[in-house]
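Visitor: Could you take me through one part of this model up close? I'd like to hear about the charged pairs and whatever else ties that part together.

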Amino acid sequence: MALALRLGVSTLLALIGVAGLVQLTLHPPLASRPGTSASVVLADLEAQEALLDQRQQAALLLNRFVGAQITRYFWGGFSGYLDVLGLEVPQDMKADLKVEDQSAQLRLTPRTGKETYVARVEAIESVPRGVVCRGEAKPGAFPFTSDRLGCPPGWRPLGSLRRLRPNPEG
C-alpha cells in the first residue's frame, strides 16, 4: 500500500514537472473558473448538445433524401413528394422541397437556431450527384468541380453520420 502511494505521488509530481517544462497551462474545471457560473456552463453545454442533435437529425434525413432521389432518378425522374421517398421531416424543422427537371433540393430550417441544412441532387450529363450542406440563410449556387457537386460559397459540408457520432473507441 505504501509502495503504491509513493508511486502515485511520484507520478503526479513527475507530471507536474513535465507540464512545467513544456509550459502547459493548468486550468481549473469549467464550472469552478472565476467569472463563469455552473448554470451558464451547463446552458452552453446544453445548447451545443442540442445543435449536434439537430445536425445529426438533419444529416440523417438529408443523406436519405440524396440516396432516394438518386434511386428515383434512375426510375424515371426526381420525386416532388417526401412521403414517396419514405421520408418524414421532424416536427421542429420546416422543409422546403424544390424539384426541377434535372435537380431536386430539400432545405431544412429549424424552428430554433441559425443554421439551415440543404441537400441537392443534380443530374449532370445524365449522372445524378448529390451534396449535403449546412450554413446560414438561403444557399447560393452549387458549384460543380472535379466530378463533384459542392456546397455553395460560405456553406460547409454536413458530414456523414459516422463523422458526427463520437468514436466509442476513443
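Guide: Let's start with Glu115, which has a relative accessible area of 12% and so is buried; buried here means under 20% relative accessible area, exposed is over 50%, and partly exposed is in between, with a 1.4 Å probe and protein chains only. A quick word on the ground rules: this is a predicted model, where local features need pLDDT of at least 70, side-chain atom pairs count only at pLDDT 80 or more, and totals for chains, interfaces and linings use all residues. Residues are numbered from 1 along each chain as its sequence is written, and side-chain values use heavy atoms, with hydrogens and water left out.

Now, the partners. Glu115 makes a salt bridge with Arg55, their closest N and O atoms sitting 2.7 Å apart (the term covers a side-chain nitrogen of Lys or Arg within 4 Å of a carboxyl oxygen of Asp or Glu). Glu115 belongs to strand β3 (residues 115-124) and Arg55 to helix α2 (residues 38-74), so this pair ties together parts that are 60 residues apart in sequence. Helices (H or I, at least four residues) and strands (E, at least two) are DSSP runs, numbered from the N terminus.

Arg134 lies in strand β4 (residues 127-136) and Glu115 in strand β3, so here the parts tied together are 19 residues apart in sequence. Arg134 counts as buried too, at 17% relative accessibility. Put together, Arg55, Glu115 and Arg134 are linked in a network of salt bridges.

The structure holds four salt bridges, and another one of them is worth a stop. Glu122 pairs with Arg120, the closest N and O atoms being 2.6 Å apart. Glu122 is buried at 17% relative accessibility, and Arg120 is buried at 16%.

The structure holds one disulfide, a term for a pair of cysteine sulfur atoms within 2.5 Å. Cys133 is joined to Cys151, S to S 2.1 Å. The torsion about their S-S bond is about -95 degrees, so the disulfide is left-handed. Cys133 is in strand β4, while Cys151 is in the loop between β6 (148-149) and β7 (156-157), so the pair ties together parts that are 18 residues apart in sequence. As for burial, Cys133 has a relative accessible area of 0%, and Cys151 counts as buried at 15%.
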